[in-house]
Amino acid sequence: YGGGGILKKDLLKENKNKIINIHLGPIPQIRGVNAAEWSLLLNQSSKVTIHFIDEGIDTGPIINYFNYDRKKCKSIQDLRDAALIAGIKGLLDTLKNKNKLKNKLFIKSKSEFESRQCFSMTPVIKKYLNTKLSRNLK
């Protein structure tokens with residue numbers, strides 16, 4: 001799964017909370033939409049999270065993190081593309097090594113102190129971020 005909205009509880013229950021998601025930011029620090037962008041603006045690491053989906057928003061057990069390089073990104077689209085490519089590679093790696101998932105201890109954190117719910121960016125924030133990226137001010 002990747003960025004298609006919130007799944008219904010019945011679907012999660014039917015699949016025993018075993019749906020894997022690519023999240024374009026570090027969980028639990030950045031949850032919600034525009035994760036790659038908020039990660040940069042909030043000085044968080046440039047990594048994607050592969051995790052299981054539960055009933056919360058990006059609160060399911062974390063399988064793994066995958067880093068990406070945002071130094072060459074000159075726009076929001078470049079940033080999202082870099083994160084998405086890392087996420088796809090991370091998901092493929094996760095699926096390739098799925099037998100390891102059976103014995104893996106998953107990271108689970110819902111602490112309000114280390115978690116931030118992010119929402120869709122306004123045009124003003126997007127403009128600021130594009131300016132920051134185009135000037136290479138990371």
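**Values Against Cut-offs**

Guide: Glu-37 is buried, at a relative accessible area of 2%.

Visitor: What makes Glu-37 buried?

Guide: Buried means under 20% relative accessible area, exposed over 50%, partly exposed in between (1.4 Å probe, protein chains only). Glu-37 has 2%, so Glu-37 is buried. This is a predicted model: local features need pLDDT of at least 70, side-chain atom pairs count only at pLDDT 80 or more, while totals for chains, interfaces and linings use all residues. Residues are numbered from 1 along each chain as its sequence is written, and side-chain values use heavy atoms, with hydrogens and water left out.

Visitor: Why is the contact of Arg-80 with Glu-37 called a salt bridge?

Guide: The term needs a side-chain nitrogen of Lys or Arg within 4 Å of a carboxyl oxygen of Asp or Glu. Arg-80 and Glu-37 meet at 3.2 Å, N to O, so the pair qualifies. Arg-80 sits in helix α3 (residues 76-96) and Glu-37 in helix α2 (residues 35-41), so the pair ties together parts 43 residues apart in sequence. Helices (H or I, at least four residues) and strands (E, at least two) are DSSP runs, numbered from the N terminus. The count by this rule is 1 salt bridge.

Visitor: Why is Arg-80 called partly exposed?

Guide: Its relative accessible area is 31%.

Visitor: How do you know which strands form the open sheet?

Guide: Two strands pair if DSSP finds at least two bridges between them. β1 and strand β3 (residues 47-52) have 4 bridges, in the antiparallel sense, so they pair. Within that pairing, Asn-21 has His-51 in β3 as its bridge partner. The sheet has 3 strands in the order β1-β3-β4, with antiparallel pairing. β1 (20-23) and β4 (62-67) stand at the edges with a single partner strand each, so one side of each has no neighbour in the sheet. From one strand to the next, the twist averages 15°.

Visitor: What makes a set of residues the nonpolar core here?

Guide: Its members are buried Ala, Val, Leu, Ile, Met, Phe, Trp, Tyr and Cys residues, joined through side-chain atoms within 4.5 Å. The largest core has 26 residues, and those touching the most other members are Leu-24, Val-48, Ile-50, Tyr-68, Leu-79, Leu-129 and Leu-133. At least two residues each come from β1, α2, β3, β4, α3 and α5 (123-134). α3 gives the largest share, 6 residues. In soluble globular proteins, nonpolar side chains tend to be buried together.

Visitor: What makes Ser-39 buried?

Guide: Ser-39 has 0% relative accessibility, so it is buried. Ser-39 belongs to helix α2. Beyond neighbours within four places in sequence, Ser-39 is in contact (heavy atoms within 4.5 Å) with Gly-25, Pro-26, Ile-30, Gln-44, Ser-45 and Arg-70.

Visitor: How far apart are Arg-31 and Cys-118 in sequence and in space?

Guide: Arg-31 and Cys-118 are 87 residues apart in sequence and 5.8 Å apart in space, C-alpha to C-alpha. For Lys-13 and Glu-55, the values are 42 residues and 9.4 Å, again C-alpha to C-alpha.

Technical notes:
Axes are lines fitted to C-alpha atoms, for helices over the stretch in contact, and angles run from 0 to 180 degrees between N-to-C directions.
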